[in-house]
Amino acid sequence: MLVSLFICPLCQSPLTPAADTWRCDGSLNPKQTNHPFDVARQGYVNLLPVQQKKSKAPGDSQASIEARKRFLHAGHYQPLNDLICQKMLALLSSIGQVNWLDIGCGEGYYTQSMAQLGSDVMDTLIAADISKPAVMEIARTSKAESKLWYQQDKESATQSTAIYPLVTSAAHLPLRAGSVTGISSIFSPILPEAFAEVLADDGYLIIAKPDVGHLATMRDALFDDVREHDSDKFLTELSPYFTLLDTHRINTELTLSAGDLADLMTMTPYAYRARSEKRQALLIAVKENAFNTEAKFVVYVLRKIADK
Ligand SMILES: C[S@@+](CC[C@H](N)C(=O)[O-])C[C@H]1O[C@@H](n2cnc3c(N)ncnc32)[C@H](O)[C@@H]1O
Ligand SMILES: [Zn+2]
């Protein structure tokens, strides 16, 4: 990496990764001093300054991360994962240096699959989330698989995509303007201006969202009055910066055990809003018979309008 991809979250000076401590060069810091950021034992870097933290433990909790990990690793959303990776492969295979940002990566189910596209397709994969337990999880897995940035030997034939797990806010990305080839936001926040800022001209944005009717039978069982997902509103907000290239809809039948359903409710924020009697009644009913529902997703592929 010749020009630093990263910038300091405190003074915006170029920030250089290392295996132990990342340091900015202080060039934009009025005091001209460096800011150090230690690499945690698990292999992530915390680039979220306290002043950008809106709560003590922002982002998803440990419990929802564990539930999501169990649910996703059981393969229930595999068709969506495959679709996202296919789209990325088609977009990226003819591009030279690829730096990809997966924002709101969670525990990294989709991120790990993106990394499996290999270093011929993707050089750098920034796995970013505001939740420390989420980033810790993807860092641990990546480290065990020798996929962290400092575990890559440029000379080696076995080099893989370099993963950089970062605790950061989507609103204040510690990335140089125009440095990123593409961003994925899988059920995660969408910040049009912040994304356009870090993307290269013609850079890509892939968004996955629940579609109308997602988990309808589960929501019918949990709520008296089911409000539909408003899938398209954010497209208007993106339109000054991005052109929509493609929209894909994908539906998957799910047959869920009581354990799967409990995990799905824990990882799905709106399920918390259900009355606890309704949640319990549903879980008891599912002990007898598996629960059938349908997952419905929509994936948007967008391209940044140059000079935005
Ligand atoms: C519904 S989860 C999706 C996780 C993962 N992409 C997946 O689909 O498995 C949303 C994620 O966005 C993260 N998040 C929420 N607000 C954020 C922000 N402002 N900046 C970065 N990440 C954020 C949460 O911590 C959570 O991990
Ligand atoms: Zn700095």
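Guide: For what follows, an axis is a line fitted to C-alpha atoms, taken for a helix over the stretch in contact, and angles between N-to-C directions run from 0 to 180 degrees. The model is predicted. Two packed helices are described by the angle between their axes and the distance between the axes.

Take helix H1, residues 62–73, and helix H4, residues 132–144: their axes come within 8 Å and cross at roughly 40 degrees. Angles under 35 degrees would count as roughly parallel, and 65 to 115 as roughly perpendicular. H1 and H4 are therefore oblique to each other. The crossing of H1 over H4 is right-handed. On the H1 side the contact is made by Gln62, Ile65 and Lys69, which meet Pro133, Ala134 and Glu137 of H4. By class, the residues of this contact are three nonpolar, one polar and two charged.

The surroundings of H4 bring in a sheet. Eight strands form this open sheet, in the order E5-E8-E7-E6-E9-E10-E12-E11, with mixed pairing. Strand E5 (45–46) and E11 stand at its edges with a single partner strand each, so one side of E5 and one side of E11 have no neighbour in the sheet. H4 packs on the sheet and touches E5, strand E7 (124–129) and strand E8 (162–167). The direction of H4 makes about 160 degrees with that of E8.

Further along the order, the pairing can be followed strand by strand. Strands of a sheet pair through backbone hydrogen bonds, either parallel or antiparallel. Strand E9 (residues 180–186) runs parallel to E10, and six bridges join the two. Within that pair, Gly182 stands opposite Tyr204 in E10. Strand E10, residues 199–210, is in turn joined to strand E12, residues 291–304, by seven bridges, and this pair is antiparallel. Pro210 has Phe297 of E12 opposite.

The axes of helix H8 (residues 258–267) and helix H9 (residues 276–288) come within 9 Å and cross at roughly 155 degrees. H8 and H9 are therefore roughly antiparallel to each other. Ala258, Leu261, Ala262 and Met265 of H8 meet Arg279, Leu283, Val286 and Lys287 of H9. This contact has six nonpolar residues, no polar ones and two charged.

There is also a separate open sheet of four strands, E1-E2-E3-E4 in order, with antiparallel pairing. Strand E1 (6–7) and strand E4 (36–38) are at the edges, each with a single partner strand, so each has one side without a neighbour in the sheet. Between them, strand E2 (residues 14–16) and strand E3 (residues 21–24) pair over two bridges, with Thr16 opposite Arg23 in E3.

Last, the ligand. Ligand 1 is surrounded by 20 residues, the closest being Gly59, Gly104, Gly106, Ser131 and Ala170. Its shell divides into 11 nonpolar, six polar and three charged residues.

Note on methods: Residues are numbered from 1 along each chain as its sequence is written. Chains are lettered from A and ligands numbered from 1 in the order in which they are written. This is a predicted model: local features need pLDDT of at least 70, side-chain atom pairs count only at pLDDT 80 or more; totals for chains, interfaces and linings use all residues. A residue is near a molecule or strand if its C-beta atom, placed from the backbone, lies within 6 Å of it. Ala, Val, Leu, Ile, Met, Phe, Trp, Tyr, Cys and Pro count as nonpolar, Asp, Glu, Lys and Arg as charged, and the others, Gly among them, as polar. Angles under 35 degrees count as roughly parallel, over 145 as roughly antiparallel, 65 to 115 as roughly perpendicular and the rest as oblique. A crossing is left-handed if the near helix is turned anticlockwise from the far one by less than a right angle, and right-handed if clockwise. Two residues are in contact if their C-beta atoms, placed from the backbone, lie within 7 Å. Two strands pair if DSSP finds at least two bridges between them.
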